[in-house]
Amino acid sequence: MESQNILIKNAKILNPLGNGKTEEKNADVLIVEDKISEINKEIEESNAEKIIDASDKILMPGLVNTHTHISMSLLRGIADDLELDSWLNDYIWPMEAHLNREYCYIGALLGASEMIKSGTTCFSDMYFYMDGVAQAVEEIGMRAVLSYGMIDFGIKEKRENEFKENISLIKNHNNTADGRITTMFGPHSSYTASVELLERVRKEADRYNVGIHIHMNETMKEINDSKEAHENKRPFELLDSIGFLNSDVVAAHCVWLDEKEINLIKNNDVKVSHNPCSNMKLASGVAPIGELLKENICVSLGTDGASSNNNLDVFDEMKFAALLQKVHTLNPKLANADEVINMASYNGAKALNIDAGAIEVGKKADLILLDTKHPNMTPQSNTLSSNLVYSANGSNVDTTICNGKILMEGRKLLTVDEEHILSEAKRAIIEMKELKEAESE
Ligand SMILES: C[C@H]1O[C@@H](n2cnc3c(N)ncnc32)[C@H](O)[C@@H]1O
Ligand SMILES: [Zn+2]
């Protein structure tokens, strides 16, 4: 795609400040190549090849989804109303046994289309056949941090294979697609990965200079099993004891934490990805977000896969994040709209070590425009963050820009054929179900 300078005129801008607060301003924004180059009143139109009139629109940073399994969008709705243990063991893993590179590629295109259409410009993924996921990301134009879901269950040969997979992902795709794709190690969790695997992940992450994406403290069962298997150590204590914890670790869920573990997260600057929809749907529990915010821990938002959510709309995630904390603590002030906006943008970018998540000169141009001419956006609230967190949903997003390129305009995807993706996705899941049935016969 040719790069063209883009001028966004007359936008109402909502900018997260990274301290749980936001600022509002009315200005024009000029994008040159992949970056925001000027924010000012009345920027000269001759500076740009493309002009967007944003008079009735809200401009904010593209949302960042810090924990998902994008190709699981193919498995949307295959098993609902279950707890994590049975959901994974009895339904998801047997189905995932029939995945291949092609299905993961199609699933990633499907998930990425949904994300772009609901205002997400960057996601952090942990899944399989990541070469196919990388191809989808490259084609569709999003930003992504990719990791391979490493599971060894203590088996040495399996462990070797998991390192081979994740290292080949890093070697082939780290810092590719004009810098849009970076990579991490993705040890699935401390209940599916052995201590040997986790120890080696820490060493290899340092060697390759990439981060680590892991599920942590999701269910009460996980805590009890960890204590039983590891001399009474809770999951974060176990990881601390092997020197695993560091500021490059993104820990998804973090639902069941005691005070000592919160201190470990804080002292090691571990980044927390909060996934309220998945935690509610799988009845895992309520993450202590108020305690984490009090300690200035970096909390961002993730949808988890579309099979435990069941969509990838970070606007939904923002609203649930806010409402869940309020009802759980009976404190309406907790997880206020400004804080939640910061989680979904600024903090997400910080957790993933990408130079986006705010509307500032020099940042990557990952931006979205929401149309306010919708009944659910009328009348406007007193603050833009209230509008965006409590009233808006992903389908109010009109335009999505990533790395200075327009991926969606007027709700039309520009880099891919949406209809083709939908029909390919339907075909893929039918084929997978047939494969699964043939196997059980
Ligand atoms: C990478 C692996 O993680 C699994 N997976 C998806 N969602 C969750 C969750 N909430 N908790 C644990 N594992 C999960 C995927 O189904 C895949 O097997
Ligand atoms: Zn997950």
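Around ligand 1 there are 15 residues, and of these His69, Ile92, Gly149, His215 and Gly305 come nearest; please bear in mind throughout that this is a predicted model. The elements that give two or more residues to this shell are helix 1, residues 84–96, and strand 7, residues 120–127, with helix 1 giving the most, namely four residues. Sorted by class, the shell around ligand 1 holds five nonpolar residues, seven polar ones and three charged ones.

Let me move on to the domains. UniProt, in an unreviewed entry, lists residues 58–407 under "domain: Amidohydrolase-related", and over that range the chain is 43% helix and 19% strand, with the end C-alpha atoms 17 Å apart. The domain assignment, for its part, gives domain 1 as 6–61 + 363–413 and domain 2 as 63–351.

How far apart do the C-alpha centres of domain 1 and domain 2 lie? They are 28 Å apart, and the contact takes 28 residues from domain 1 and 27 residues from domain 2. On the side of domain 1 that touches domain 2, the elements that give two or more residues are strand 1 (6–16), helix 13 (384–391), strand 15 (397–402) and strand 16 (405–409), and the largest share, five residues, comes from helix 13. By class, that side of domain 1 divides into 13 nonpolar, 10 polar and five charged residues.

Notes
Residues numbered from 1 in each chain as written. Chains lettered and ligands numbered in written order. Predicted model: local features only at pLDDT ≥ 70, side-chain atom pairs only at ≥ 80, totals over all residues. Near = placed C-beta within 6 Å. Nonpolar A, V, L, I, M, F, W, Y, C, P; charged D, E, K, R; others polar. UniProt positions renumbered as here; feature names shortened; annotations may be inferred. Domains from an automatic or database assignment. Contact = placed C-beta atoms within 7 Å.
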